[in-house]
Amino acid sequence: MLIRQFFAEKKCVLSLEVFPPKTEPGWEKLQHLLREAKKMDPSFISITCSAGGSGTAGIPTSQVAAFVKNEVQIEPLTHITCVGSSDHRHPRGRYPRTGLT
């Protein structure tokens, strides 16, 4: 579902925002928290770009988004930046075989 559809269909839209963790233990904790967050019935979960400004270090935004979409079954909204990037391809190319559009 497109994010704009939630706003067209609902009077009140609840969303959550998370930061990709920098470490594997942080990733395990975030996975648990995301499963728990599903109980709040958010319309979507926003995922920022990279772990606290760490660039490519840490768990990739695309990995978190794929987990949110495929495992938790909540629509993800990803923040994608091109600042400081030499990769000029379309950002969606970073999300192969994840089920994300």
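Are Phe6 and Phe44 buried or exposed? I looked up both residues in this predicted model and noted that Phe6 is buried and that Phe44 is buried as well.

**Entry 1: the aromatic rings**

I searched the whole structure for aromatic pairs and found three. One of them joins Phe6 and Phe44. I recall that a pair of aromatic rings is described by the distance of the centres and the angle of the planes. For Phe6 and Phe44, I noted 6.3 Å centre to centre and 25° between the planes. The pair counts as stacked because the planes are under 30 degrees apart. I then checked where the two residues lie: Phe6 belongs to helix H1 (residues 3–9) and Phe44 to strand S2, 38 residues apart, so that the pair links distant parts of the chain. I also recorded that ring pairs connect Phe6, Phe7 and Phe44 into a cluster.

**Entry 2: the side chains of S2**

I followed strand S2 next. Phe44 and Ser46 point one way, while Ile45 and Ile47 point the other way. I noted that all four of these residues are buried. In a regular strand the side chains alternate between the two faces of the sheet.

**Entry 3: the neighbours of S2**

I looked up which strands pair with S2. Strand S1 (residues 15–18) runs parallel to S2 (residues 44–47), and four bridges join them. Glu17 has Ser46 as its bridge partner in S2. Between S1 and S2 the chain passes through helix H2 (residues 24–37), and I recorded this β-α-β crossover as right-handed. Strand S3 (residues 75–78) is also parallel to S2 and is joined to S2 by four bridges. Here the bridge partner of Ile45 is Pro76 in S3.

Technical notes
Residues are numbered from 1 along each chain as its sequence is written. This is a predicted model: local features need pLDDT of at least 70, side-chain atom pairs count only at pLDDT 80 or more; totals for chains, interfaces and linings use all residues. Side-chain values use heavy atoms; hydrogens and water are left out. Two strands pair if DSSP finds at least two bridges between them. A crossover is right-handed if, with the strands pointing away from the viewer, the path from the first strand over the helix to the second runs clockwise. Rings of Phe, Tyr and Trp (its six-membered ring) pair if their centres lie within 6.5 Å; planes under 30 degrees apart count as stacked, over 60 as edge-to-face and the rest as tilted. Buried means under 20% relative accessible area, exposed over 50%, partly exposed in between (1.4 Å probe, protein chains only).
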